[in-house]
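Take a look at the model below. We will go through its aromatic rings, then a pocket.

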Amino acid sequence: MTEAVPHYRVAVIGTGFAGIGMAVRLRQAGLRDFVILERADGIGGTWRDNSYPGAACDVPSHLYSFSFALNPHWSRTFSPQPEIWDYMKRVAGEHGVDRHVRYGSDVKAARWEPEDNRWRIETSSGTVTAQFLVSGAGPLADPTYPDIKGLDAFEGKLFHSAEWDHDHDLTGRRVAVIGTGASAIQFVPKIQPQVGKLSLFQRTAPWVMFRHDRDITKAESWLYRNIPGAQQIARKSIYWGRESYILGFAKNPKLLGIVERLGRANINRSVKDPVLRAKLTPTFRAGCKRILMSNDYYPALARPNVDVVTDGIVEVRPNSVVTRDSSGKETEHEVDTIILGTGFQVTDPPIAHRVYDSEGRSLAEHWGNDVQAFRGTTVNGFPNAFVLAGPNTGLGHTSQVFMIEAQIRYTMEALKFACRNRVDRLEPRPEAQRAYNKMIDKSMQGTVWVTGGCDSWYLNEEGRNTTLWPTFTWNYALRTRWFDPHNYDLRRVRSTKKRKDAVPA
Ligand SMILES: Cc1cc2nc3c(=O)[nH]c(=O)nc-3n(C[C@H](O)[C@H](O)[C@H](O)COP(=O)(O)OP(=O)(O)OC[C@H]3O[C@@H](n4cnc5c(N)ncnc54)[C@H](O)[C@@H]3O)c2cc1C
């Protein structure tokens, strides 16, 4: 006897901010007929996985949180990872999200079945079907391992910052850190006092600004708990302060000269050695790559047990990392631990290789090098599917949760529309998707992300920015405020029977 495949109205992938937020909104709309498929054995996405020393948000916590679940208990302006993870678990618990999650369910393939207008989703824990598929698989959920000769044959300890090995004692070790991105600048200052020698392999020096991080006082917490609206005011003021960055990033990049002066002052304050200063001074316009924030990164790099290596890595040997300078001279750096701070698979998201259209073509094949969607959320050729944190919804200046919530609102509006109008298939029209992406490309012109003179993961091989939203986030929120059926091909249900699993309008 074959086992019945469970069917749901909605299947959500992931339990990061996107998956949790989506689940909360579905439940608030009265829908219980949904499942969340999570490959790990706990909730939390980014904030479950990235537990490296010093992990914290770099957008203030009052803003880097759900609009419907403000947290008066943040201990710091930029909260550490354990607190953010606890917050997510608490929100999920309070809103009954937990009971929908199927842990240990790695989505291997999601295939559109046109005859039944539903998705067949094969996971490591079995198959389910669903009318609608919402991917919250995360833009930064899968670490990137650099393609360096000999890396596999390294005989010491090697791990990625997103998979930190807390059992590996770093005391007195000779540690290589590869990469100087957002994670490395957080963990390097934390491990520097502990390790014997730290060799930091830097390909590009990032802009690093002073971070106004401080304890949130008891009085402030009291205010947030007891005075209605107080925390909303704090959140709004951070939001609008952050939105003003767009004036520099997108409208007039010359303004970023001020940021660069602050960045250089930050280097000069902590680093006296002119050679090291030169190594650490970026050679591109601030904002072209993500601007990082730290108060202890530069002081750590100025310590005697740290060596900042800017020559390119040519190979890894069983006990060393070998670099070559511009004259061709090779240097062998002996190490017993390598920590990869090499980021995530953003421009070629693994989930896109696992979602297939009716002809068996994967979303990744469909996209090729040119990742795009309609309103960053729906994709022509992939009916009834929604991608949270999708193409061109990334940000260089403010909270990703804001964008995710806007997408969730749009998705909910689409689901409600489908229910009210007895639509069982919706798919963005190709011309609507083209026009939308034309608008994105036009808005991207002149921004620091394409003119800033850096080689960033925001851009694809042709130099098209497929990751970032090009302007103010309120503009995105407005565009996704209401569902726009005229931009969709819709197929209506023929039966007149009322569905028992409808999403209430
Ligand atoms: C170290 C770090 C710090 C960051 N700090 C900030 C910050 O300060 N401000 C900011 O705005 N953004 C920050 N970000 C970006 C951050 O990723 C987003 O803000 C947000 O957390 C993304 O949420 P998500 O739910 O889309 O993805 P994630 O949190 O990545 O969650 C994705 C979930 O999907 C699951 N999943 C993936 N693939 C599958 C599959 N095939 N099957 C089943 N489950 C799957 C994963 O296990 C994971 O639980 C940071 C990212 C990192 C890595």
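Phe17, Trp47, Tyr64, Phe66, Phe68, Trp74 and Tyr87 come together in one aromatic cluster. Keep in mind that this is a predicted model. Aromatic pairs occur elsewhere too: the structure has 25 of them. Take Phe472 and Trp474. Their ring centres lie 5.4 Å apart, and their planes meet at 15 degrees. Planes under 30 degrees apart count as stacked, so this pair is stacked.

How exposed are these two residues? Phe472 has a relative accessible area of 17%. Buried means under 20%, so Phe472 is buried. Trp474 has 35% relative accessibility, so it counts as partly exposed.

Rings can also have a charge over the face. Lys89 sits over the face of Trp85, 3.6 Å from the ring centre. Arg111 does likewise with Tyr356, at 4.6 Å from the ring centre.

Now turn to the second largest pocket. It holds about 710 Å³ of space. How many residues line the second largest pocket? There are 31, and Met209, Phe210, Arg242, Tyr245 and Met293 lie nearest the centre. Sort the lining by class and you get 16 nonpolar, ten polar and five charged residues.

Where does this lining come from? Helices α6 (230-243), α7 (245-251) and α8 (256-270) each supply at least two residues. α8 gives the most, with seven residues. Domain 1 (7-43 + 97-142 + 345-492) and domain 2 (151-206 + 247-340) each provide at least three residues of the lining.

Methods. Residues are numbered from 1 along each chain as its sequence is written. This is a predicted model: local features need pLDDT of at least 70, side-chain atom pairs count only at pLDDT 80 or more; totals for chains, interfaces and linings use all residues. Side-chain values use heavy atoms; hydrogens and water are left out. On a 1 Å grid over the protein atoms alone, a cavity is a set of points where a 1.4 Å probe fits but cannot get out, and a pocket is an open set with protein on both sides within 12 Å along at least five of seven lines; lining residues have an atom within 4 Å of a point. Grid points are joined across faces, edges and corners, and a volume is the space filled by probe spheres set on the points. Helices (H or I, at least four residues) and strands (E, at least two) are DSSP runs, numbered from the N terminus. Ala, Val, Leu, Ile, Met, Phe, Trp, Tyr, Cys and Pro count as nonpolar, Asp, Glu, Lys and Arg as charged, and the others, Gly among them, as polar. Domain bounds come from an automatic or database domain assignment. Rings of Phe, Tyr and Trp (its six-membered ring) pair if their centres lie within 6.5 Å; planes under 30 degrees apart count as stacked, over 60 as edge-to-face and the rest as tilted. Buried means under 20% relative accessible area, exposed over 50%, partly exposed in between (1.4 Å probe, protein chains only). A charge sits over a ring if NZ of Lys or CZ of Arg is within 6 Å of the ring centre and within 35 degrees of the ring normal.
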